[in-house]
Amino acid sequence: MSRIGKKPVPMPAGVEAKIEGKLLSVKGPKGTLTLPMQDEVTYSVEDGGVQVMPANETKRARSFWGMQRTMVQNLVTGVTDGFTKKLLITGVGYRANLQGKTLKLQLGYSHDVNYEIPEGITIATPDQTTINITGNDKQKVGQVAAEIRRWRKPEPYKGKGIKYAGEFIFRKEGKKK
């Protein structure tokens, strides 16, 4: 039994959920998000929440149960609060700035890296070494953060590169004389 899946997803005021065919759509103050429904799980929109239950007693249905409930919760959180990832840039001469719909990164390469910001994502650079990525889709926010981080991952000797806020970089000792 999934302890997470048993709980219904509560709907805050101003948020409504609808089941249309094979899609569950959640509408709130920050927009509308949809989730394709799985055949192994049944969804029901009841008074003030969405209940997710396995369609049968197979192992596959039980494994989808808690995950689908969490994905519905992410839809509700996305249309009410949204999601944010913060990236920190460390290194001499490494910086980021925003130019319209393009994030310009200077990461020690012979050329600047220009990253086009996808639809539904907002990027802010409060200073040259901080990048804030916000949006209402958790998967898309995480994917954009991972794509930006991929340009220069933190290295283990000096810690130079792009890292998530709160990420611990395991440091190695340099050469011995």
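Guide: Let's start with V45, which is partly exposed, at a relative accessible area of 40%. Keep in mind that we're looking at a predicted model.

Visitor: Why does V45 get called partly exposed?

Guide: The general idea is two cut-offs: under 20% is buried, over 50% is exposed, and partly exposed sits in between. V45 comes out at 40%, so it goes in the middle class.

Visitor: Where does V45 sit in the fold, and how far is its C-alpha atom from that of A17?

Guide: You'll find V45 in strand β5, residues 41-46. V45 and A17 are 28 residues apart along the chain, with 6.9 Å between their C-alpha atoms.

Visitor: What about G166: is it buried or exposed?

Guide: G166 has a relative accessible area of 82%, so it counts as exposed. Look for G166 in the segment after β13 (161-164).

Visitor: Which side chain does the side chain of Q68 make a polar contact with?

Guide: Here you look for a pair of N or O atoms within 3.5 Å. The partner is the side chain of Y43, at 2.7 Å.

Visitor: On to rings. How many aromatic pairs are there?

Guide: A pair of aromatic rings is described by two things, the distance of the centres and the angle of the planes. In this model the count is zero.

Visitor: Which charged groups lie over rings, then?

Guide: For this one, the charged atom has to be within 6 Å of the ring centre and within 35 degrees of the ring normal. R152 has its charged end over the ring of Y109, 4.4 Å from the centre. K85 lies over the face of Y164, with 5.3 Å to the ring centre.

Visitor: Last topic: how much space lies in the largest pocket?

Guide: About 210 Å³. To read a pocket, go from its volume to its lining. The lining here includes L33, L35, M71, F83 and K138.

Visitor: Which elements each supply at least two residues of that lining?

Guide: Those are β4 (31-36), α2 (59-80) and α3 (138-149).

Terms used
Residues are numbered from 1 along each chain as its sequence is written. This is a predicted model: local features need pLDDT of at least 70, side-chain atom pairs count only at pLDDT 80 or more; totals for chains, interfaces and linings use all residues. Side-chain values use heavy atoms; hydrogens and water are left out. On a 1 Å grid over the protein atoms alone, a cavity is a set of points where a 1.4 Å probe fits but cannot get out, and a pocket is an open set with protein on both sides within 12 Å along at least five of seven lines; lining residues have an atom within 4 Å of a point. Grid points are joined across faces, edges and corners, and a volume is the space filled by probe spheres set on the points. Helices (H or I, at least four residues) and strands (E, at least two) are DSSP runs, numbered from the N terminus. Rings of Phe, Tyr and Trp (its six-membered ring) pair if their centres lie within 6.5 Å; planes under 30 degrees apart count as stacked, over 60 as edge-to-face and the rest as tilted. A polar contact is a pair of N or O atoms within 3.5 Å; within protein, one must be able to donate a hydrogen and the other to accept it, and residues adjacent in sequence count only if both atoms are side-chain atoms. Buried means under 20% relative accessible area, exposed over 50%, partly exposed in between (1.4 Å probe, protein chains only).
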